[in-house]
Amino acid sequence: PKSVSKSLHTFENFSGSHHYMVAEAEKALETNLPSSSDDAVILMQMIIKCADISNVIKPFFLSRRWAALLLIEWFRQGDLEKRLGLTVSRHMDREDFTALQSMTL
């Protein structure tokens, strides 16, 4: 069987369908558990990536709610950066609507 490391490396570098990547990783994990700390890190990166892209497959009311919560989080971070005298990170400034207009919704 394929090693977890090889399959997860494929996941990390594959530029096509996320469904394909998840299926490949799932096959590898059926018979193998991460055998090294590198494998475990790659597995955690894969889980985070899946969570990151999962919003688009949720029902619209949930997806919209998550997007609204994300904006609240970003704006609070921007507010804190302003209070600390730091440069406000991209998309984090509640007074800069051009950043929001540039996003694909």
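Three salt bridges are found when the whole structure is searched, a salt bridge being a side-chain nitrogen of Lys or Arg within 4 Å of a carboxyl oxygen of Asp or Glu. The structure is a predicted model, in which local features need pLDDT of at least 70 and side-chain atom pairs count only at pLDDT 80 or more, whereas totals for chains, interfaces and linings use all residues. Residues are numbered from 1 along each chain as its sequence is written, and side-chain values use heavy atoms, with hydrogens and water left out.

Helices (H or I, at least four residues) and strands (E, at least two) are DSSP runs, numbered from the N terminus. Of the 105 residues of the chain, 20% count as buried; buried means under 20% relative accessible area, exposed over 50%, and partly exposed in between (1.4 Å probe, protein chains only). The chain exposes about 8,100 Å², of which carbon and sulfur atoms supply 61%. Accessible areas come from the Shrake-Rupley method with a 1.4 Å probe, and for residues only the protein chains shown count as cover. Among contacts with a separation of 6 or more, 40% are accounted for by residues 24 or more positions apart, where contact means heavy atoms within 4.5 Å.

The salt bridges were examined individually. Arg-94 pairs with Asp-79, with the closest N and O atoms 2.8 Å apart. Because Arg-94 lies in the loop between helix H4 (60–83) and helix H5 (97–101) while Asp-79 lies in helix H4, this pair ties together parts that are 15 residues apart in sequence. Both partners are partly exposed: Arg-94 has a relative accessible area of 37%, and Asp-79 one of 22%.

Lys-82 takes part in the other salt bridges described here. Its side chain meets that of Asp-93 at 2.9 Å, N to O. This pair links distant parts of the chain, with Asp-93 in the loop between H4 and H5 and Lys-82 in helix H4, eleven residues apart. Lys-82 also forms a salt bridge with Glu-95, the closest N and O atoms being 3.5 Å apart. Here too distant parts of the chain are linked, Glu-95 lying in the loop between H4 and H5, 13 residues from Lys-82 in helix H4. Through these shared partners, Lys-82, Asp-93 and Glu-95 are joined into one network.

Helix H4 was considered next. At 1.5 Å a residue, its 24 residues should span 34 Å, in agreement with the 35 Å that separates its end C-alpha atoms; the expected span is 1.5 Å times one less than the number of residues. The buried residues of H4 are Ser-63, Trp-74, Phe-75, Gly-78 and Glu-81. Ser-63 counts as buried at 16% relative accessibility and, leaving aside its neighbours within four places in sequence, is in contact with Asn-55 and Lys-58. Trp-66, also placed in helix H4, is partly exposed, with a relative accessible area of 48%. Together with Phe-61, Leu-62, Leu-69 and Ile-72, Trp-66 forms a nonpolar surface patch with about 490 Å² of accessible area. Patches are made of residues with over 30% relative accessible area and no salt bridge, like charges being joined within 9 Å and nonpolar side chains (Val, Leu, Ile, Met, Phe, Trp, Tyr) within 5 Å.

Two backbone features follow. Just after H4, Gly-85 takes a positive phi of about 75 degrees. His-91, although not a glycine, has a positive phi of about 70 degrees. His-91 is placed in the loop between H4 and H5 and is buried, with a relative accessible area of 17%.

In helix H3 (residues 37–53), the 17 residues should span 24 Å at 1.5 Å a residue, and the end C-alpha atoms are 24 Å apart, which agrees. Asp-39, Ile-42, Leu-43 and Met-46 of H3 are buried. These residues cover an arc of only 100 degrees around the axis, which puts them on the same side of H3; the arc is that of the directions from the helix axis to the C-beta atoms. An α-helix has 3.6 residues a turn, so residues three or four places apart point the same way. On the face of H3 turned away from the buried side are the exposed residues Ser-37, Ile-48, Ala-51 and Asp-52.
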